[in-house]
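Hello,

Here is the structure I promised to pass on to you. Have a look at it first, and then read on for my notes.

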Amino acid sequence: MVFAALVLCAGIVIGDSLTIFFPVKQFDLGFNVSSALNFAAALSLGPLWGAIIAIAGSTLNDLLEKRAPIKMIVNASNYGLQTFIAGWIYYSFANPQLSPLDGKHNFVIMLIAAAAASITQSVVLITVVSLAIGADFFTLWRKTTLSMVVEFLAMPTLGALYPVLAHQNPLALVLMIIPLVGPYLAFRNYYKLQQETRETFELLADLLDKRDVYTSEHSQRVTKLVEKILNQFPDLPSAQRETIIAAARIHDLGKIAISDAVLLKPGRLTEEEFEAIKQHPIESSEILGRLTPYREIALIARHHHERWDGTGYPDGLAGEQIPFGARVIAVADTYDAMTSNRSYRRARSHEEAIAEIRRCAGTQFDPVVVEAFLRAVGANEPVPAHTPATTVQPSIVDS
């Protein structure tokens, strides 16, 4: 028992340090096998000793990682509680003389214990995080659902095997951990590649903005305004929010395919030049769409010049046919364009830009997004119920 306890404790320390990241729609979904090893300790050693080993492993890892004392306390309490609950359920209702995989009864109790441990860990962590950042508990719960599912699947898969293998040799835990190193390295490299790709796209967007002194940092300003607008939609899923923000940052990437003679022309464009400019959303989507993680971003970038009334481009989408993210970026993009100096005109004032966007609600812009924009910038006057079809459309050069 002592040797098995030491092996499990070492495994928990190693498992804590090997966090696998799953890139999911611009999210970092972190997962490690420590919970499964805690579950193995509960099934192998019982609720009390299992909890002690879980706490010891968590504390040792936190000391090695030099984490803050409050984090050490939270982690140790969480590990200890989930392990104790899992062990208590299993040893109270299953036959501890048999393995978790020996018979239907033990197997079902093992699954119930794993579910209870997973739920306990999630409740503790979400409660702590919600109190720390002032977020809604149930909103955070929805955001972490996928992580809970992955964890629940890993618990019985790994945790229930160890008592069976340990009966032959306690060192069997090594056989369970070694295969995890390969996936860890693969997912870590994939995650790193995705981060570097995103940073490269953002750098290209910034360099593109710098081609013209009048549009310098345009993408960054649009992104900040998009974030403010999205804050007015508290029920928006985090994955969708992050995708829209990422799209805002690189929405004009396709302008890299437009010549300086057209893009930097100090005056109004000819009809042919205007048609060339109108290709930039298509170019953006083709550049981004070649990478699987960016296909949703590519769709938003393609349609950020569509109009609510269907007279936009490149595809003439109307109303809710236009992706929500594209509708948000359209408002932020136009506001920044109107309030920035250009070679052929002075910037409009904040009040003038607000008035223009309000008048364009229902024709150029989604009225709901305009309402959110007005709240975000502190202009709370209501949007007109009916907007004339003759409202002025800001020049494409502006945005």
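**Asn38 and its surroundings**

Asn38 touches Ile12, Ala54, Tyr79, Gln82 and Thr83, leaving aside residues up to four places away in sequence. Before going further, please keep in mind that this is a predicted model. Where does Asn38 sit? Its place is in helix α2. Is Asn38 buried or exposed? The relative accessibility of Asn38 is 0%, and because buried means under 20%, Asn38 counts as buried.

**The helix around it**

Besides Asn38, the buried residues of α2 are Ser34, Ser35, Ala36, Leu37, Phe39, Ala40, Ala41, Ala42, Leu43 and Leu45. Helix α2 covers residues 34–45. From its first C-alpha to its last, α2 reaches 16 Å, close to the 16 Å expected at 1.5 Å a residue. What comes after α2? The helix is followed by Gly46, which has a positive phi, near 95 degrees.

**Two spots in the loops**

Another positive phi belongs to Lys66: the angle is about 60 degrees, although Lys66 is not a glycine. You will find Lys66 in the loop between α3 (47–65) and α4 (69–93). Is Lys66 buried or exposed? With a relative accessibility of 75%, Lys66 counts as exposed, because the cut-off for exposed is over 50%.

Pro314 has its place in the loop between α15 (295–302) and α16 (324–338).

**A cavity inside**

How many cavities of 30 Å³ or more does the structure hold? There is one. The volume of the largest cavity is about 40 Å³. Which residues line the largest cavity? They are Glu306, Arg307, Trp308, Ile322, Arg327, Ala330, Gln364, Phe365 and Asp366. Sorted by class, this lining has four nonpolar, four charged and one polar residue.

**Where to start**

If you open the model today, I would begin with Asn38 in helix α2, then turn to Lys66 in its loop between α3 and α4.

Best wishes

Note on methods:
Residues numbered from 1 in each chain as written. Predicted model: local features only at pLDDT ≥ 70, side-chain atom pairs only at ≥ 80, totals over all residues. Heavy atoms only, no water. Helix = DSSP H or I, 4+ residues; strand = E, 2+ residues; numbered from the N terminus. Expected span 1.5 Å × (residues − 1). Buried < 20%, exposed > 50% of the residue type's maximum accessible area, 1.4 Å probe, protein only. 1 Å grid on protein atoms, 1.4 Å probe; cavity = no way out; pocket = protein on both sides within 12 Å on 5 of 7 lines; lining within 4 Å. Points joined across faces, edges and corners; volume = space filled by probe spheres on them. Nonpolar A, V, L, I, M, F, W, Y, C, P; charged D, E, K, R; others polar. Contact = heavy atoms within 4.5 Å.
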